[in-house]
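Q: I would like to learn how to read a few features of a model. Can we go through them one by one?

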Amino acid sequence: MGRVVYAAAMSHVLYPDYYGQNVGPHGREMVEALIAVVREMGATLAATTPDALVVIADDHLNVFSFDAIPAFCVRVGRSVDRMVQADAIEFDRALDGLPERYLVHEDLANAILDQGMQAGFDFAASWSAPLDHAFLSPVSTLYGRRPVPPLVPVWVNCFVAPQPTAQRCYAVGRHIARVIADGPWNVAVIATGGLSHFPELSLARVGQSDPVFDRRIVKLMEAADHDALAALTAKELHETGSHELLNWLVLFGAVSPARARVRFFGEMGRIDLAALEWSVG
Amino acid sequence: MSRYETNVVLYRLKKDQAFRDRFRADPRGSLADADLTAEERDAFARWDTRKLNELGGMLHLLISIPGLGSH
């Protein structure tokens with residue numbers, strides 16, 4: 001009987017230079033404070049010695065192109081590479097210096113994929129997609145110099161309309177929980193992505209966030225009101241810039257009915273940063 | 001409306017350094033074969049990122065093209 005031994009969600013540009021450059025000293029200090037908290041969370045995570053780490057995150061049109069955008073994609077295969085971007089700017093530079101290759105937990109990845117297809121989740125599978133900052137910035141911050149356990153990367157299409165619904169993301173999380181429960185492994189699950197930023201994916205509105213919406217979302221997570229969270233509409237997510245909450249929706253499904261504990265919440269103006277843990281142990 | 005082609009060009013600009021170099025040297029010439037409207041072609045030539053975004057160009061591509069992306 002497997003179980004979820006650790007669960008958390010957090011912002012995924014854990015890179016002080018990015019916020020220093022785009023927001024100023026206030027942004028740099030806030031993300032440094034978040035990074036310190038995520039490192040503490042990483043010590044807790046590592047102490048659970050998971051057999052596998054499921055990472056639910058989105059693609060920033062780094063891996064998938066307009067040729068095909070999967071609603072959900074499970075990374076299978078034996079190993080997964082870090083994305084390489086020549087002359088990287090901004091958040092892609094957060095990948096510099098990280099290990100070039102990570103193990104994939106093949107058995108768990110295949111189980112999520114195979115059993116998902118049987119259960120009616122038409123997942124895409126990839127044997128080659130590399131990982132960008134959405135995966136590796138949190139993983140590297142959590143683990144530091146400790147060895148990273150085998151990963152199961154799962155992509156959610158957060159940005160290219162039409163996205164999967166919040167309800168469907170939640171259902172995928174319930175599916176992952178069932179696979180873990182039926183398997184022999186101790187598994188950690190994290191979801192990544194910012195709270196509100198980049199409303200409407202409009203360049204003209206870069207710099208705006210929606211703290212009122214984010215405070216409401218955090219309260220719902222603390223209350224484990226997953227019905228309300230799964231009822232969020234594509235319109236609400238798009239208008240507030242909360243696209244990446246779809247990753248978190250998968251996690252809510254995986255940990256339900258656990259309540260969230262807020263480890264960090266910061267209103268930066270450009271984005272609201274957060275890190276939360278769920279009591280699953 | 002060629003939202004697809006706009007994003008194909010943006011994706012190539014991010015991922016293909018040789019294409020990016022050609023674009024920077026000669027924007028209109030490098031896009032001669034692209035299936036773009038006159039409005040899209042003009043926005044690329046002027047590197048008007050807000051216009052490209054309004055025409056369907058994805059924000060995350062527009063802000064992350066080496067040497068061209070900006071917030």
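Q: Does Cys158(A) count as buried or exposed?

A: This is a predicted model, and Cys158(A) has 1% relative accessibility in it. Buried means under 20%, so Cys158(A) counts as buried.

Q: What about Cys73(A), buried or exposed?

A: Cys73(A) is at 0% relative accessibility, so it counts as buried.

Q: How many disulfides are there over all chains?

A: The test is a pair of cysteine sulfur atoms within 2.5 Å. By that rule, the count over all chains is zero. For Cys73(A), the nearest cysteine sulfur belongs to Cys158(A), 13 Å away. For Cys158(A), the nearest is the sulfur of Cys169(A), at 6.9 Å. Neither distance is within 2.5 Å, so Cys73(A) is in no disulfide, and Cys158(A) is in none.

Q: What describes two packed helices?

A: Two values do: the angle between their axes and the distance between the axes. Here, take α5 (residues 166–182) and α9 (residues 245–255), both of chain A. They pack at about 40 degrees, with axes 6 Å apart. That angle makes α5(A) oblique to α9(A). Their crossing is right-handed.

Q: Which residues make the contact of α5(A) and α9(A)?

A: From α5(A), they include Cys169(A), Tyr170(A), Val172(A), Arg174(A) and Ile176(A). From α9(A), Leu246(A), Leu249(A), Val250(A) and Phe252(A) are among them.

Q: How do the residues of this contact divide into nonpolar, polar and charged?

A: Eleven are nonpolar, two polar and one charged.

Definitions and conventions:
Residues numbered from 1 in each chain as written. Chains lettered and ligands numbered in written order. Predicted model: local features only at pLDDT ≥ 70, side-chain atom pairs only at ≥ 80, totals over all residues. Heavy atoms only, no water. Axes fitted to C-alpha atoms, helices over the stretch in contact; angles between N-to-C directions. Helix = DSSP H or I, 4+ residues; strand = E, 2+ residues; numbered from the N terminus. Parallel < 35°, antiparallel > 145°, perpendicular 65-115°, else oblique. Left-handed = near helix turned anticlockwise from the far one by under 90°. Contact = heavy atoms within 4.5 Å. Nonpolar A, V, L, I, M, F, W, Y, C, P; charged D, E, K, R; others polar. Buried < 20%, exposed > 50% of the residue type's maximum accessible area, 1.4 Å probe, protein only.
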